[in-house]
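Student: Hi, could we go through a structure together? I'd like to talk about how its pieces pack.
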Amino acid sequence: MASERYQNRLELLQGTLDMMILRTLQWGPQHGHGIGLAIRANSGEVLRIEHGSLYPALHRLEKQGWIGSEWRITENKQRARYYRLTRAGKKQLAQEQSRWKRLVDAVAGVMQPSES
Amino acid sequence: MTLWRKIRKWILPRFLAPDEARDLDEEIGFYLAQETQLRIDRGESPAHARESARRDFGNRTLVSEITREMWGGHSMETLFQDLVYGFRQLRRNPGFTAAAVLTLALGIGANTALFSVVHSLLLRPLPVPHPDRIAVLAFRQKDAQLATQFSYPDYQDIRRQSSAVFADVIACQFGLIGLNARGQAGRMFVNYVTGNYFTTLGLKPALGRLIEPSEGIHPGADPVVVLSWTYWQSHFGADPGIVGSQAKVDGQREVTIIGVAPKGFHGLIPFLETQAYLPMSMAALDVNSGDYMHDRALRSCYVYSRLKPGVALEKANGELAVIGSRLAAQDPKDDSGIAISAFLERNARPDPASASVTMMAAILFLALTGLVLLLACINVANILLVRASARTREMAVRTALGAGRVRLIRQLLTESLLLALFGGAGGVLIGLWASRALSSIDLASVAVPLLIDIRFDWSVFAFALAAAVIAGTIVGAVPAVRASRADVAGVLHGSGRGIVAGRNRLRSVLVAVQVSGSLMLLIIAALFARSLYNAQRADLGFDPHHVANVTYDAQEAGYSAAQGRAFAGRLLARIRSMPGVTSASIAFAIPMGYWSSSSTLRVPGYQPPNGQTAPMAAYNVVTPGYFGTMRIPLLRGRDFAATDQPDTPHVAIINQAMAQRFWPHRDPIGREFTMFDDVKHPLHIIGIAKDSRIDNFSGPYPLEFYVGLDQNYVSIQTVQVRTAASPEALLPELQRIISGLAPGMPLSLGQTMTQAVQTLNGTLRYRISAMFAAALGTLGLLLAMIGLYGVISYSTAQRTHEIGLRMALGANPWSVLAMVLRQGMVMISAGLALGLVAAGVLARAVSAFLVNVSPLDPVTYASVTGLLVAVALAACYIPGRRATKIDPMAALRID
């Protein structure tokens, strides 16, 4: 019964969301909604960020000093909070990416032993 | 509810962190607008788009709440959040909240009440500037006991020679006077004080002026009186016009009321309420005062000193040792071997010799109530543990959303602290009520006003608050740490049952501790109850039934010794002529009464064994017929007679214990001994009385002897009348007779001998401790049973599935019940084993307060244990019975 939940969507590993937010911001400042859209689009509509987790994550990252934020006016003349990557955030992203790569390689090695 | 939610959602966030809260709100608003636009662009209708965007976003309040948690840094804001959240949690579970708050309130209340009593009697500093520098002086002479009454000449010498260490030294002696003012006569407990008394203490008058250093020097001079604030309030309606008016002391001496002492000052004599202050010179009014200003053998002055700033007590004691040896050399007749020392006043209540015993009793009762608080805390901890496991899921969700572990622990601690604070508030209310109840205990008309000034005071409040906060932290810490440690993935994905076992073990240990604590309390209560029973049924050696006592002070009518003796004779003759009276006599002391006297003895031919103090014996002053009235058998010799007059040889009757001690194998009759106080009149032994009780109900009988009123006059007298009829009915009649014979004498105090035995010095102290211990024992039992019931119910509920399975497989209800009871018995017996050992240790510590019962009395231990087991099994039976009613099919279907 409980396994039913897993069939429909992929669950994010803890910490992965943070990494993806940082990665998204590498292209330039973006507001929360835009970040959500970007992650969804880049994952081929597979990853839908739960809104309940997005804002806590953004504020957590800001508190860590990895992203900064400012209020800007959008093209539609609306006030929106834009997040941008800080220097520390760039460093953090680099670390997380290399760790992620190692993890993916490791898992891949296990799943396809013939190739190694 | 809706208003509350509005406050919570909109007003508080703005108030607490206005910019960020508004920002977050705007941010979310922007998100929703974007999302709505996106959906409209995709072709949804605007209304539908707005609705679905909002639905997909989820609980906006929860999201912003969790997001705000990420800010962390604003500790005030998070604290407030925690508080608000905690309130909401508590309100959501009213049953749990009520149980926990009530439990804590009872525990804290009992502690507050008792601490109030201990504080007001033993710990509260004197209401004078720098009370920590006030010291009380005491001395030891040769091997005698520590004494606190100095002679006036000794006081003067000490004062003159100690100016290096003391700012000043003061003396006071106490007495009872009859005061006639504004047409009303009243009996007062007064202090005769040296002129520097108030200046040294640093007190300012509430009204008028106080006694001044120039006063009180020459015997009989300076007829002035200062009233206590309380007496002024109660007897003169706080009328400021009283200052300057005239009053009459003991119906003979005119005095001027010069002022009122400050509010809250009750004199220096601990536990007693001093009602007025007169200069030391006025003590000459007392018929027994003698040449007190010059005779070093007359010791009646309590001596206090104020240490100079920066002078340590040790230094003062060094100085006093030198002064003592000088006094001994200068006056070897009275002061040989005198060794003086000072004690800080607060550490020497009621007097330096018995301060440690008093403190012991206080600590003992504080420990017992502390135990009750501990039991209460354990109960709340247990309730919180149950709730923590119910909230495992909530905790896991919060962790998954990124709430830090510290944050969770803080949240849970805030909740339990809130509980503790509510409990503390309730405890203060209960404590106030209980201390009011305690201070209204009727201490049965003792002659001297006892100071029962038990009032709410900030340090008591601080104590209760500290107790509550400590209780909250202890109670909250364990479940909080456990809950925050919850295995997130396991809880979210599975049913989370794996954690339960460990938690149950902790709860079982806690319940065992509760059982042992309540067993201790019950055993102490039972020992006290048996002591009370034994005290009430003890063979007193006299017959208290059918005896009426009326106490008066002949001096208050202005009688000299000769007049007082004549009055006693007239009174007895008048009473003996009344119908129904079988016997009447007068005594100074009544058994278990307030007044008593004792004297150091010189017994020719008796050598105290090495290292022992000079012999002391209690004595009573009586008239002929006393032994008949009290029905104390006179074993040998004769009673006092009218022929024993001041100018004939002084005579005494001794008790068996005294005969045995000093003349073990000889006939005491015809031998003599002397009192240290009265070496001029050796006492010839004329009779031996059977031993009787004076101030205790068990143990060896005290050494006691009796002397005649005619030969050793005292003005404080109790006329005792044995009557065939009811002694209560006789009391008003006796009081009328006394007023008739001695007009102007303040109203005498009437009491039956049976009542007298039940006063504070009699069985009342056992009654108080038995009632107190019984209340604590009942409370402890109740708490332990709630804990036991809770744990068994909880674990039975947890095992519903298992029990259902067992029953489906053919287990009968009896074996299920037995299984539940067995689980209970494990906890109970562990608790009993621990409790019996601890109770034995504790009971040994209280053995001084027991009457005719061993601290390890097997009957008490067995019956209390039996009672506890019966009640405990009943507490287990209810959930056990419920378990047998489990429907196997329903139970198995749960998962």
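Predicted model: local features only at pLDDT ≥ 70, side-chain atom pairs only at ≥ 80, totals over all residues.

Student: What is the strand order in the open sheet of chain A?
Tutor: The order is S1-S3-S2, three strands with antiparallel pairing.

Student: And which strands stand at the edges?
Tutor: Strand S1 (30-31) and strand S2 (67-73) of chain A do. Each has a single partner strand, so one side of each is left without a neighbour in the sheet.

Student: How many bridges join S2(A) to S3(A)?
Tutor: Seven, with S3(A) covering residues 79-85. Within this pair, Ile73(A) of the sheet stands opposite Arg79(A) in S3(A).

Student: Switching to helices: how do H2(A) and H3(A) cross?
Tutor: Helix H2 (residues 16-25) and helix H3 (residues 32-42) of chain A have axes that come within 10 Å and cross at roughly 100°. That makes H2(A) roughly perpendicular to H3(A).

Student: Which residues meet there?
Tutor: From H2(A), Met20(A), Ile21(A) and Thr24(A); from H3(A), Ile35(A), Ala38(A) and Ile39(A). Five are nonpolar, one is polar and none is charged.

Student: Now chain B. At what angle do H18(B) and H21(B) cross?
Tutor: At roughly 140°, with the axes within 11 Å. The two are therefore oblique to each other, and the crossing is right-handed.

Student: What makes the contact?
Tutor: H18(B) brings Phe567(B), Arg570(B), Leu571(B), Arg574(B) and Ile575(B), while H21(B) brings Leu734(B), Ile737(B), Ile738(B) and Leu741(B). These divide into seven nonpolar, no polar and two charged residues.

Technical notes:
Residues numbered from 1 in each chain as written. Chains lettered and ligands numbered in written order. Pairing = 2+ DSSP bridges. Helix = DSSP H or I, 4+ residues; strand = E, 2+ residues; numbered from the N terminus. Axes fitted to C-alpha atoms, helices over the stretch in contact; angles between N-to-C directions. Parallel < 35°, antiparallel > 145°, perpendicular 65-115°, else oblique. Left-handed = near helix turned anticlockwise from the far one by under 90°. Contact = placed C-beta atoms within 7 Å. Nonpolar A, V, L, I, M, F, W, Y, C, P; charged D, E, K, R; others polar.
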